[in-house]
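Let's walk through this model together, going from charged pairs to nonpolar cores and then to a few backbone details. Keep the structure open beside the text as you read.

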Amino acid sequence: MPSFPFITVFAYIVLNRFYPSQVWQFTLCALLLACWLPMQAQAAPSYTVSINGAGELSALITDNLELSRRQASDELSLEEVQRLVDIAPSQIRSLLATAGYFSPTITQELDQQSTPWVARFNITLGAPTVIESVNIVFTGDILQKNQQRMDRLRRQWSLKIGDVFKQSEWNDAKNGLLKALLIRDYPAATITESEARIEPSTNSAALSVAIDSGPAFTFGELTIEGLQRYSREMVEKLNPIKPGDPYSQEKLNELQARVQDTGYFRSAFAIVDINPEQPHNVPIRLDLHENERKRLSLGLGFSTDSGPRVQVKWLDRNFLGRDWRFESQIRADRNTRVLGADLYFPEIQNGWRPSVGTHYEYEDSAGVINDKTLTSARLTSPNKRDEKIWAISVLTDRQRIGDEFTSNRQALIGSFTYTMRRVDNMIAPRRGYFASIDLGVGPSGLINKKSLARVVGRATWLSPYYGRFQAILRGQVGQVFGADRDTAPSDLLFRTGGDQTVRGYAYNTLGVSQDGAIVGGTVTAVVSAELVYRVTQEWGAAVFTDAGNAADTWHDFRLKQGSGIGARWRSPIGPVNLDLAYGHETKEPRLHFSIGYGF
């Protein structure tokens, strides 16, 4: 609606042209004002929307109703508000249908006596629509060759008879069925027909899906694009796929991950041409973008465990011109000073990666000063889902407590670490679990004063989201056998407490008390339970409780607990956690900041 100043200026120009008399001009402008004021009075005041009877579906309605979305507009007329109120029941029925309610009763009212006005909707949901039958029909190559797989896919169908029909879950079930074929053997699969037949009189739904698997695909030879600095042979050794192998998206992902994990390449994309007319021996194209050969990097960081951190790294990806990757670093924070170097050799034929390294670390934590060295040779498997590491390590340290106690310790230990990763995303997981077991053995002799063994198990589980809620459980248990804290180097012993172990306590302040300091023990256990409420897709709130400790024996072991609340942010570099925890032993609050999941 044009504003009165605009109308006045326009009227003055016209009147001055045709009616130069000031009396006429004044009279007509007054008439315009008299007409404009009643028109302005028709503009609608602010209003609120009230949804009654929809229970947990109220948010779905409020967030998507046009009347709600236009609530903040200051240009709505009374007529427009009334129109939005009149069409709202139809919109509400459509929204409720996506949640399985196809026969709701809705009454509406626009209360103009309240300030602000209230657009009120009273809803009787009625009975939800329940799935009565499910019919999944397969065609294509799978029909002739893989009855067991068809039976398994039918069993895995997520919408069961008796479940409430919901549009989002119907879409997810179809997409899940199709994806199960696309990622293995049948990348050309398509859904040819789908129907959800709703019977309002019985509040039932009959579901039917027809899916064509298409032909079964097999892999062919590997072609590589983008190599300049590094050898083709190095890349081919990483390839887990043999010509004639059945198509698997997981295998393509593994190839990409193996190549990119070498550090030689900025990006790696493995693709095949999906042509149903040529499904056999399909060539694999690997597109590579190489990293620069040498790089000097500087880094700054902060954590509540160790305070500010500065780091300098030097990297040479073609050390001595032999495709060896050399990495060295200097790192310093409030508690530690680290100087180290690692040399990674090209992968051997089965994809395993040999490496060697040596590190010196000065640590001042919980009243204990340790000067430590670690020299090791490692052999790492290529598969990150089931990663295995064999290693031989020599550890030495000189421990000081105050001005009087000093202990020199060393150990030669052979170890095997197995890590199982079953998560949807390695960087920012939403669901799944990590589990690992670390076994180490060191016989007595030239270096070890006594024979020793070390076992550590860890696990983290992220539940699927139940509505807006997710549970996160962690656990760790470990023990050193045959040696004690006077003979085993500190890196083989256990201390706990801090951002990612037992919140509510400072870093490594849970362990064995000795001369006013906290030193490592030969046994440890940590458990944690956390409940996260998702506020938005990126932000969440959490409540948690942790418990753990370390001791010389299980007889002396006592759990120490910390509980609190926190904020969660799904950042591009992984989950960011800000927690305020209360240490039940210290009876003091403590702030914690961390990125990612771990111990």
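Glu80 is buried, with a relative accessible area of 18%; buried means under 20% relative accessible area, exposed over 50%, and partly exposed in between (1.4 Å probe, protein chains only). Its salt-bridge partner is Arg83, with the closest N and O atoms 2.9 Å apart. Here a salt bridge is a side-chain nitrogen of Lys or Arg within 4 Å of a carboxyl oxygen of Asp or Glu. Arg83 has 37% relative accessibility and so counts as partly exposed. Both Arg83 and Glu80 sit in helix α5 (residues 78–98), three residues apart, about one turn of the helix. Helices (H or I, at least four residues) and strands (E, at least two) are DSSP runs, numbered from the N terminus.

A word on what you are looking at: this is a predicted model, in which local features need pLDDT of at least 70 and side-chain atom pairs count only at pLDDT 80 or more, while totals for chains, interfaces and linings use all residues. Residues are numbered from 1 along each chain as its sequence is written, and side-chain values use heavy atoms, with hydrogens and water left out.

**Salt bridges**

The structure holds 40 salt bridges. With a relative accessibility of 6%, Lys372 counts as buried.

The side chain of Lys372 also meets that of Asp491 in a salt bridge (2.9 Å, N to O). This pair links distant parts of the chain, 119 residues apart: Lys372 is in strand β15, and Asp491 is in the loop between β20 (469–481) and β21 (512–514). Asp491 is partly exposed, at a relative accessible area of 35%.

| Salt bridge | Closest N to O |
|---|---|
| Arg83 – Glu80 | 2.9 Å |

Elsewhere, Arg474, Arg503, Glu530, Asp546, Arg568 and Asp579 are linked in a network of salt bridges.

**Nonpolar cores**

Which residues touch the most other members of the largest nonpolar core? Of its 24 residues, they are Ile61, Leu65, Leu67, Ile92, Leu96, Phe121 and Ile123. Such a core is a set of buried Ala, Val, Leu, Ile, Met, Phe, Trp, Tyr and Cys residues joined through side-chain atoms within 4.5 Å. Two or more residues come from each of β1 (47–52), α5, β2 (105–111) and β3 (117–124). Helix α5 gives the largest share, six residues.

Leu67 touches Tyr47, Val49, Val81, Leu84, Val85, Ala119 and Phe121, leaving out residues up to four places away in sequence; contact means heavy atoms within 4.5 Å. There is also a second, separate core of 23 residues, and among its members are Leu222, Tyr230, Phe265 and Leu288.

Gln71 is found in the loop between α4 (66–69) and α5. Apart from neighbours within four places in sequence, Gln71 is in contact with Tyr47, Thr48 and Val49. Gln71 is partly exposed, with a relative accessible area of 29%.

**A nonpolar surface patch**

Phe469, Leu531, Tyr533, Val535, Trp539, Val543, Ile565, Trp569, Leu578, Leu580 and Leu591 make a nonpolar surface patch of about 1,000 Å². Patches are made of residues with over 30% relative accessible area and no salt bridge: like charges are joined within 9 Å, nonpolar side chains (Val, Leu, Ile, Met, Phe, Trp, Tyr) within 5 Å. Accessible areas come from the Shrake-Rupley method with a 1.4 Å probe; for residues, only the protein chains shown count as cover. At least two patch residues come from each of β23 (523–534), β24 (539–551), β25 (560–571) and β26 (574–583). Trp539, in strand β24, is partly exposed at 46% relative accessible area.

**Backbone details**

Most residues other than glycine have a negative phi, and most peptide bonds are trans. The peptide bond from Thr115 to Pro116 is cis, with omega near -5°, and Pro116 is placed in the loop between β2 and β3. Asn508, though not a glycine, has a positive phi of about 60°; Asn508 is buried, with a relative accessible area of 10%. Asp515, also not a glycine, has a positive phi of about 55° and is exposed, at 60% relative accessible area.
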